[in-house]
Amino acid sequence: MPSKFPEDTRLLIEEALRRYFPQTTCPETIYEAMKHSLFSGGKRFRAVLVVESAKVFGGRAEDVLPTACAVEYIHTYSLIHDDLPAIDNDDLRRGVPTCHVAFGEDIAILAGDALYSEAFRLISTLQKANDPQSIIQVIRELATASGVSGMVGGQVVDIQSEGKTVDEETLRFIHEKKTGELIKASVRSGAILACASNKELEVLTDYATNLGLAFQITDDILDVVGDTAILGKTAGSDERRGKVTYPAVFGLKKSEEMAKITVDRAKDALKRLNRNTDTLADLADFVYERRF
Ligand code: GRG
């Protein structure tokens, strides 16, 4: 990973994902399908955000790992379902065949469903907090972010917009909902568990909203300029499917400028916090500079 990415945190998350994964192996196929997608790589970006956000407010990494891993379960679930023939019909993800290619469409749907419910089982079983209300708040944040007013809603408009011309507002809606909401909920969840104040949460929300939008803009750019071998997913698939993306609407150069402006807005928000936010700022730079 690039130097600005907190590799120590990513490794902690990798270890925790393996430790928390259900020990049961029956029925074997479903666990194999879940593991296939969960352990085939991935930057663990959202899980890292949970941990690094908690650390800003004095939280310890090990104290928020159940929530960090749950976020990664939800994210992996969204990737499995996004890749299905009925949605994006992709064959490659995280450098390996997509879940439905490896296990069949029926098992892939169920693997996604299983990861989603495991996410909430993990938090409600293992997440501890000084204030138990904060655990309920985290569950609410993640359910909202992944539901109809978040990821699902964004995905619906994304599907309905394929092959059409959309205005900037619609494009932004899709990106903020489909991708931004889970990133925002990740940042907020870490801070909530570490007892950040409402005022601090407001500032972090500003950071995370811009970070989430920038992440999807760079995802769009990488689909045009990226390399399949480095991305671990097939480049060029947005254009083939007539997806509404920043490069499709604004062109590559303007999209890159917009990504930079959005990342800078995220970093500017952090200046309003009287805390050490260096790693969160590094993660914003990572979003702009990333090649995968
Ligand atoms: C999962 C609640 C839920 C609903 C399903 C399919 C769907 C509705 C939503 C799709 C959301 C989606 C896949 C958005 C794209 C987000 C995105 C940029 C994914 C790539 O994330 P990276 O680059 O991937 O962090 P890695 O592999 O590194 O984890």
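Guide: Helices here are DSSP runs of H or I, at least four residues long, numbered from the N terminus. This is a predicted model: local features need pLDDT of at least 70, side-chain atom pairs count only at pLDDT 80 or more, and totals for chains, interfaces and linings use all residues. Residues are numbered from 1 along each chain as its sequence is written, and side-chain values use heavy atoms, leaving out hydrogens and water.

Visitor: Where do Lys35 and Glu32 lie?

Guide: Both sit in helix α2 (residues 28-38), three residues apart, about one turn of the helix.

Visitor: What makes Lys35 and Glu32 a salt bridge?

Guide: A salt bridge needs a side-chain nitrogen of Lys or Arg within 4 Å of a carboxyl oxygen of Asp or Glu. The closest N and O atoms of Lys35 and Glu32 are 3.4 Å apart, so the pair counts.

Visitor: Why is Lys35 called partly exposed?

Guide: Buried means under 20% relative accessible area, exposed over 50%, partly exposed in between (1.4 Å probe, protein chains only). Lys35 has 30%, so it is partly exposed. Glu32, at 32%, is partly exposed too.

Visitor: What makes Ala185 buried?

Guide: Its relative accessible area is 2%, so Ala185 is buried. Ala185 is found in helix α9 (residues 168-193).

Visitor: How do you know that Asp206 and Arg272 form a salt bridge?

Guide: Their side chains meet at 3.1 Å, N to O. Asp206 lies in helix α10 (residues 198-225) and Arg272 in the loop between α14 (252-270) and α15 (278-289), so the pair ties together parts 66 residues apart in sequence. Arg272 has a relative accessible area of 52%, so it is exposed.

Note on methods: Helices (H or I, at least four residues) and strands (E, at least two) are DSSP runs, numbered from the N terminus.
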